[in-house]
Amino acid sequence: MAKVAVLGYGTVGSGVVDVLEFNRDIIAQRAKEKIDVKYVLDLRDFPGDKVEKMLVHDFDTIVNDDEVEIVAEVLGGVKFAYPYVKASLENGKSVVTSNKELVAKYGAELLTIAKEKNVNFFFEASVGGGIPIIRPLNECLTAEEICEITGILNGTTNYILTKMSKEGLDFGTVLKDAQDKGYAERNPEADVEGYDACRKIAILTSLAFGKQVDFEDIYTEGITSITPDDIKLAASIGRSIKLLASSKCVDGNVYAMVTPGMITNEHPLYGVEDVFNAVMVEGNMVGRTMFYGKGAGKLPTASAVVADIVAAVKNKDRHIEVKWDTDKLALSDISSSAKQFFVRIADTEESRIEAEKIFGVEEFIRAEGAVDCAFVTGVMTEAQFAEKEAKLTGIRNRIRLQ
């Protein structure tokens, strides 16, 4: 019987315990061994809960118990998670985690330790919750040269943009609704400013190109500037606004960014709505592949954690190689990347004349109910756009076209 310790008994931690209990028999069949939770680590007490007798408050109890072969870290953050995970690996225990912050910051280092100790460090749940994407990148797509990864990687922002689009509501109103429904935190900054998606695309980019990508180096914008006018004007030209996290290799240069983007109804991510996430991966041989599902939530995320536990049990005496070196990948400055831009301006004669002069605008976009108008630029680099943007007064917003 494989003994597991679960670090953290919050939403995901309790889900891990539930999944292991509810699907006990089928999990045992697939792991070829019964899996039993020996410890649950948490600072709190849970009198009357099913984990009451297995609850511990001291991590040393876990790390010093040779019976524990696998540690599931679902604490979140890095203050305690990093030293606990590192110590577990160094003591010959495999670790699975859903912690995107931990993986983004220390993934390469922890994988190195796991290799040295002939154990495993798995993190399927750290990017897409219940969506399988880490293992496909590491195993199923190993014959591919990855050209692009673009995803909707945050359910909160996708819910907000979907509701704004369908009901014509402003950002603040929908954010409060998302908070009331439990989709957004009381402090939603990590979601709405794009930081959550940034950490996730940093992980995927590191895996795709085999080197460390620091999330601090990725250009990031959130969705707080998106207005109903942007959405109405986008819809009038058959486009939808999504918060997109992407990395692309163009002529040997790797660009990574998290920004709102406008996509057409032909784009694979166009129909991804509400709290759902999706990741599009393009390889030079296979073309585009799509991974879609619930990117968060108690049971979807817990299911991915338990799948990693099963993989760890099946590979007790074998380290699964993950190509992610500690060497840093040099991201190219996005100022040299080229694209088209949607630009919303005040719908005045002065602004339109100015836009025509600076950007060579031939046609302005208007939509019923929208106060402002907009136009779409030709293809230009970020640097070229910034130079022109500085000369145009009356700009309300600008969004990149994908």
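We'll go from the whole chain to a sheet, a loop and some aromatic rings.

Before you click, note that this is a predicted model, where local features need pLDDT of at least 70, side-chain atom pairs count only at pLDDT 80 or more, and totals for chains, interfaces and linings use all residues. Residues are numbered from 1 along each chain as its sequence is written, and side-chain values use heavy atoms, with hydrogens and water left out.

**Stop 1: the whole chain.** Show the C-alpha trace: along its principal axes it spans about 75 × 45 × 35 Å. The radius of gyration (taken over C-alpha atoms) is 23 Å, which agrees with the value near 21 Å that a compact globule of 402 residues would have. That globule rule is 2.2 Å times the number of residues to the power 0.38. Now switch to cartoon view, and you have 15 helices and 19 strands to look at. These are DSSP runs numbered from the N terminus: helices are H or I with at least four residues, strands are E with at least two.

The accessible surface comes to about 17900 Å², and 47% of it belongs to carbon and sulfur atoms; areas come from the Shrake-Rupley method with a 1.4 Å probe, and for residues only the protein chains shown count as cover. Buried residues make up 55% of the 402. Buried means under 20% relative accessible area, exposed over 50%, and partly exposed in between (1.4 Å probe, protein chains only).

Stop 2: Look for the open sheet of 6 strands, in the order 3-2-1-4-5-6, with parallel pairing. Two strands pair if DSSP finds at least two bridges between them. Which are the edge strands? Select 55–56 for strand 3 and 121–122 for strand 6: each pairs on one side only. Then pick residues 68–73 (strand 4) and 94–97 (strand 5), which pair in the parallel sense over 4 bridges. Val-71 has Val-95 in strand 5 as its bridge partner.

**Stop 3: a loop.** Click Gly-130, in the loop between helix 6 (125–128) and helix 7 (134–140). Is Gly-130 buried or partly exposed? Its relative accessible area is 35%, so Gly-130 is partly exposed. Leaving aside neighbours within four places in sequence, the contacts of Gly-130 (heavy atoms within 4.5 Å) are Lys-294, Pro-300, Thr-301 and Ala-304.

**Stop 4: rings.** The structure holds 12 aromatic pairs. Rings of Phe, Tyr and Trp (its six-membered ring) pair if their centres lie within 6.5 Å; planes under 30 degrees apart count as stacked, over 60 as edge-to-face and the rest as tilted. Start with Phe-341 and Phe-385, a stacked pair at 4.1 Å centre to centre, with 15° between the planes. This pair links strand 16 (residues 341–345) and helix 15 (residues 382–389), its two members being 44 residues apart. Phe-341 is buried, at 0% relative accessible area, and Phe-385 is buried at 2%.

Now select Phe-359 and Phe-375, a tilted pair: 5.3 Å centre to centre, 50° between the planes. Both are buried.

**Last stop: charge over ring.** Show Arg-135, whose charged end sits over the ring of Phe-122, 5.7 Å from its centre. The rule is NZ of Lys or CZ of Arg within 6 Å of the ring centre and within 35 degrees of the ring normal. Finish with Arg-199, which lies over the face of Phe-215 at 4.4 Å from the ring centre.
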